[in-house]
Amino acid sequence: MIVITTPTGDIGRQVLDRVLDSGEAVRVVARNPSRLPARVRDRAEVVPGSHGDADAITKALAGADRLFWLVPPPPFSYPGRAEQYYLDFTRPACEAIRGLGAGVVGVSTLGHGYQGKAGMLSAALAMDELIEGAGAAYRALALPFFMENLLRLAQEIKAQGTFSMANAAGRPLPTVATRDVAAAAAALLLDTSWSGQASVPVAGPDNLTPDDMAEVISDTLGRMVRYRQVPVADRQAAMRQRGASQAIAQDMADMTEAQNNGIYDAEPRDPDSATATSFRQWCLDTLKPAVQALA
């Protein structure tokens, strides 16, 4: 039995599709089961509720062999730090898996070994330590910047010919497509041969700076698109104006500073392990249609 959390999320639904296609028995934990496609409701056992809730995750893990674990982002207005949110959300699952023998595949971050504050990324690293402390066989998918983050900037790209972030314009920013994350997660969930605990870096074949990304986006869209670097403090202030709590805005700022300071380079990764989707291919397949679809 394979348990899938976040089955309607961007990564979770792709993991679920792959695991369902394998024919393995699947159980999902869904806060709102009505959002699940009919195909999923017909083929998977559904446990209603949040996977951060002790009763729901304990019920879901009964008799399970594998668990796909992903902590949803903290609410924008969450008053505390992200690390506390991640740990509070994960503790019930850790209690449920103690002595169970189920292997866990978790969505985490590149940067194991990084020394310093990293906001959201520090929260993911603390989550890994908590799961490892529960004694589970664990594979932490160590991920860099998601290519899909740029979809939030599609309107700016369309209207202004720019995309704005606080990441350093000239520093390489490793990226990954969510479809490759899902492929790596599903492969581990379906592989019964592994044990122990390890970090598994999953990153695309490119090593582009945001300025380099702008060139690729320009080529893909057939029009000039420039990268605009925004000061971290300005981005933090803008988040506060949109209703983010002081803690969450600070965690986002600390994450960006850590990215600019090379957190993704702190963890070695094998060049031969690069995922299939290049940034250019992702732009062709995903970003270009998204931009073109905007009015």
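The model is predicted: local features need pLDDT of at least 70, side-chain atom pairs count only at pLDDT 80 or more, and totals for chains, interfaces and linings use all residues. Residues are numbered from 1 along each chain as its sequence is written, and side-chain values use heavy atoms, with hydrogens and water left out.

Arg 27 belongs to strand β2 (residues 26-30); strands are DSSP runs of E, at least two residues, and helices runs of H or I, at least four, numbered from the N terminus. Its relative accessible area is 8%, so Arg 27 is buried (under 20%; exposed is over 50%, partly exposed in between; 1.4 Å probe, protein chains only).

Six aromatic pairs are counted. Rings of Phe, Tyr and Trp (its six-membered ring) pair if their centres lie within 6.5 Å; planes under 30 degrees apart are stacked, over 60 edge-to-face, and the rest tilted. Trp 69 and Phe 89 form a tilted pair, at 6.1 Å centre to centre and 55 degrees between the planes. Trp 69 lies in strand β4 (residues 66-69) and Phe 89 in helix α4 (residues 82-97), so this pair ties together parts 20 residues apart in sequence. Both Trp 69 and Phe 89 are buried. Ring pairs link Trp 69, Tyr 78, Tyr 85, Tyr 86 and Phe 89 into a cluster.
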